[in-house]
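Please walk me through this structure in a viewer, one selection at a time. I have not seen it before.

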Amino acid sequence: MRILVCITHVPDTTSKIQFTANNTKFDPTGVQFIIGPYDDYALARAVELRDQTGGTLTALNVGEAETEPTLRKALAIGADDAIRVNSFPKDSFFVARQIAEVAKDRGFDLILMGRESIDFNGGMVHGMVGELLGMPSFSPVMKLELEGTTVKMAREIEGGKEQLEAKLPLIAGCQEPIAEWKIPNMRGIMSARTKPLLVLEPVSQETHAEASSYQLPPAKGAVKLVDKDQVSELVRLLKNEAKVL
Amino acid sequence: MSILVYVEQAAGKIKKTSLEAVSYAYALAQKTGEGPVVAIALGTIELQELASVGEAGASKVLHASDARLNAGVIQAHASAVAQAFHSVGASTLILAKSSLGDAVAARLAIKLDAALVSNVVELPRLEGGFVVKRSIYTGKAFADTTITTANKILAIKKNAVDQKTEGPKAQVEPFAVSIPEDDFASKITATEQATGEVLLPEADIVVSGGRGMKGPENWGMIEDLAKTLGAATGCSKPVSDIGWRPHHEHVGQTGVKVAPTLYIAIGISGAIQHLAGVNSSKCIVVINKDAEAPFFKAADYGIVGDAFEIVPQLTAELRAAL
């Protein structure tokens with residue numbers, strides 16, 4: 001069983017988001033970068049499935065050299081080897097093209113990634129890769145079990161979930177509670193330093209929808225506090241001032 | 001040129017978020033001079049229900065009635081919508097962002113060689129190209145995105161436009177699709193869905209509870225308030241992690257992102273990950289006994305006090321007022 005897990009290199013969820021260069025670039029000052037939280041779930045489940053099946057697990061990132069510590073962390077958590085496609089991830093289509101190219105001749109049975117990256121929140125790369133490779137794709141997947149070549153999944157839908165059965169090979173965009181996040185141990189961190197990390201150049205520069213400029217939402221006004229003995233006043237404000245009732 | 005809208009159904013009813021997408025397409029057609037707006041609906045749906053899509057702004061509804069499409073079989077839906085897109089000669093596809101919509105749109109982006117932009121929050125700007133504003137960093141920022149392909153797909157975030165309700169009935173046409181058997185190879189074996197309730201991602205009002213509620217046995221008061229308002233109920237991550245509430249109610253960075261008109265947070269401190277799931281709300285009310293709770297900084301209105309006293313009072317006041 002060969003598993004590919006695709007990870008994003010994104011600002012920590014607590015980051016204050018700011019832009020620079022006349023609002024055309026993300027400002028990384030003071031920002032800590034992490035494996036995307038959804039990708040972290042995918043990685044954790046991928047490690048479990050690799051251990052269960054005795055297969056191999058490759059971690060992939062499309063990013064410039066600065067993302068290597070994030071890939072090394074994936075190796076420390078349990079990936080056997082890593083691939084970095086050496087380019088800024090310009091848009092979802094661009095990233096999907098690179099992933100499909102890496103995957104097409106390497107015979108992966110299962111490709112996992114997060115349901116979406118937490119920077120651009122597109123949630124579309126898994127489906128695009130699926131269509132490019134002619135494989136079924138599912139997202140957001142909250143449970144994934146293997147029974148031979150059958151994959152039993154649960155996919156979250158509005159107000160509930162669907163139980164699914166499909167055959168390998170397939171692609172899944174993952175979310176909690178598919179597995180518990182794994183924290184690398186000392187042995188993992190040491191061995192990650194010497195695990196293979198292959199750097200490939202992008203196959204195409206084609207993009208479809210690149211972000212050209214950024215804006216922050218307007219600053220929120222101060223909260224209007226209502227005394228706890230004046231609950232009727234809150235109802236009046238919601239009705240007459242905010243006009244939301 | 002026609003604008004196609006992929007509308008989703010649940011148990012034969014067209015989803016409200018899909019009707020918003022139809023209204024977005026209608027407004028887009030007005031702006032660009034394109035049209036007509038044509039909807040594609042899949043599976044078993046009554047004629048009358050299909051015609052009512054016109055009220056939201058569609059002049060025609062194509063109906064592929066194959067009952068195998070009642071379920072959200074991702075690949076089959078993508079194939080059917082692609083056929084409709086070619087059949088009406090569209091260059092733009094509009095859909096509502098949703099669990100199924102996102103998955104289908106991604107495959108369509110490749111099938112149709114189209115740019116796909118998701119989380120679209122308003123109509124595009126047409127000066128200097130087709131520029132779409134979308135929400136990014138889980139609502140913490142926006143990006144102007146320039147589409148460079150001839151075909152385009154926009155997945156619309158809730159509340160991007162007001163839903164139109166006064167349009168004439170749409171003309172309904174049967175639409176014959178030929179879907180490869182392979183698209184049905186994966187099987188949906190069961191669906192578990194909350195029934196008779198307002199679904200969280202689609203709700204106009206959301207009432208959420210956090211650890212301040214002290215235990216699942218106290219959710220009755222959240223539900224009473226929600227019922228009074230016709231609202232959906234949500235919760236914070238710790239509450240779903242410890243199993244007080246199901247995961248599909250978890251609002252936040254790694255849960256459901258909501259965009260209601262009114263969000264009421266009860267006994268939730270307001271961790272940044274929770275705020276990421278609610279920051280697209282129009283109006284936020286926070287009830288918390290800790291005056292220092294960070295949620296008050298993100299709120300429009302707040303009451304500092306004990307939820308167990310305030311919430312029943314609020315429910316009673318609302319019942320009297322509404």
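The tour below goes through a predicted model, beginning with a whole chain and ending at single residues.

**Chain B as a whole**

Eight helices and 17 strands make up its secondary structure. Its C-alpha atoms fill a box of roughly 60 × 45 × 35 Å along the principal axes. A compact globule of 322 residues would have a radius of gyration near 20 Å, and the 21 Å of chain B agrees with that. Colour chain B by burial next: 59% of its 322 residues count as buried. Among its contacts between residues at least 6 apart in sequence, 65% join residues at least 24 apart.

**Strand β10 of chain A**

Move to chain A and select residues 150–157, which form strand β10. Is this strand mostly covered or mostly open? Six of its eight residues are buried, so it is mostly covered.

**The β9 side**

To find one pairing, pick A:Lys143, whose bridge partner in β10(A) is A:Ala154. The two strands form a hairpin with two residues between them, and A:Gly148 there has a positive phi near 65 degrees.

**The β11 side**

Select A:Glu156 and look across to A:Lys161 in β11(A), which stands opposite. This hairpin also has two residues between its strands, and A:Gly159 in the turn takes a positive phi of about 75 degrees.

Technical notes
Residues are numbered from 1 along each chain as its sequence is written. Chains are lettered from A and ligands numbered from 1 in the order in which they are written. This is a predicted model: local features need pLDDT of at least 70, side-chain atom pairs count only at pLDDT 80 or more; totals for chains, interfaces and linings use all residues. Helices (H or I, at least four residues) and strands (E, at least two) are DSSP runs, numbered from the N terminus. The radius of gyration is taken over C-alpha atoms; the globule rule is 2.2 Å times the number of residues to the power 0.38. A residue is buried if 20 or more other C-beta atoms lie within 10 Å of its own, exposed if 12 or fewer, and partly exposed in between; C-beta atoms are placed from the backbone. Two residues are in contact if their C-beta atoms, placed from the backbone, lie within 7 Å. Two strands pair if DSSP finds at least two bridges between them.
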